[in-house]
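Have the structure open as you read.

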Amino acid sequence: MIILPISLTIAAGAALLNLWLSMRVGRVRTKEKVFVGDGGNEPLTRRMRAHSNFVENTAFVLILLALVELGMGSSMWLWGAGALYLVGRILHALGMDGMMWGRMAGTAITMLTQLGLAITALTIVYLTPTSITMTEVEETVVSAPR
């Protein structure tokens, strides 16, 4: 069995963050009594976009994180990249509520994390030395007992 501790931990954190973002949307929906769509309500639109933006980016990060961890193994920088991504997504969500520097920082962190993981993935594929191994297969004949 292969266990990817970094990917599993960051995925669990992302799931919890997804729940938090969903609850934030729900609170505004209940307060403003808007149960379908955004009703033209700007705070609700902002929260919905923060949640949608999270979903739009997180799948790519988690897939890249898992594949890089499979290709390179666990490392402190990979832990840092995953944790930083989650912090960036929290900052982005808070920024969508008006803390503009958080939105900008969260966006930059998200883009840099994806870029770094993508470059690392390509590096693993194209710069890791590989060798071709040939294996000879011999024919095995099984005879029935007499």
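Is the crossing of helix 3 and helix 4 left-handed or right-handed? The crossing of these two helices is left-handed, meaning the near helix is turned anticlockwise from the far one by less than a right angle (right-handed if clockwise).

## Ground rules

This is a predicted model, where local features need pLDDT of at least 70 and side-chain atom pairs count only at pLDDT 80 or more, while totals for chains, interfaces and linings use all residues. Residues are numbered from 1 along each chain as its sequence is written, and side-chain values use heavy atoms, with hydrogens and water left out.

## Helix 3 against helix 4

The axes (lines fitted to C-alpha atoms over the stretch in contact, with angles from 0 to 180 degrees between N-to-C directions) of helix 3 and helix 4 come within 7 Å and cross at roughly 150 degrees. That makes the pair roughly antiparallel (over 145 degrees). Residues in contact (heavy atoms within 4.5 Å) include Trp77, Tyr85 and His92 of helix 3 and Trp101, Ile109 and Leu117 of helix 4.

Helices here are DSSP runs (H or I, at least four residues), numbered from the N terminus.

## Helix 1 against helix 3

Helix 1 and helix 3 have axes that come within 9 Å and cross at roughly 5 degrees, so helix 1 runs roughly parallel to helix 3 (under 35 degrees). Among the residues that meet are Ile6, Leu17 and Trp20 in helix 1, and Leu78, Trp79 and Leu86 in helix 3.

## Around Leu65

Leaving aside neighbours within four places in sequence, Leu65 touches Ile6, Ser7, Ile10, Leu78 and Leu117.

Conventions: Angles under 35 degrees count as roughly parallel, over 145 as roughly antiparallel, 65 to 115 as roughly perpendicular and the rest as oblique.
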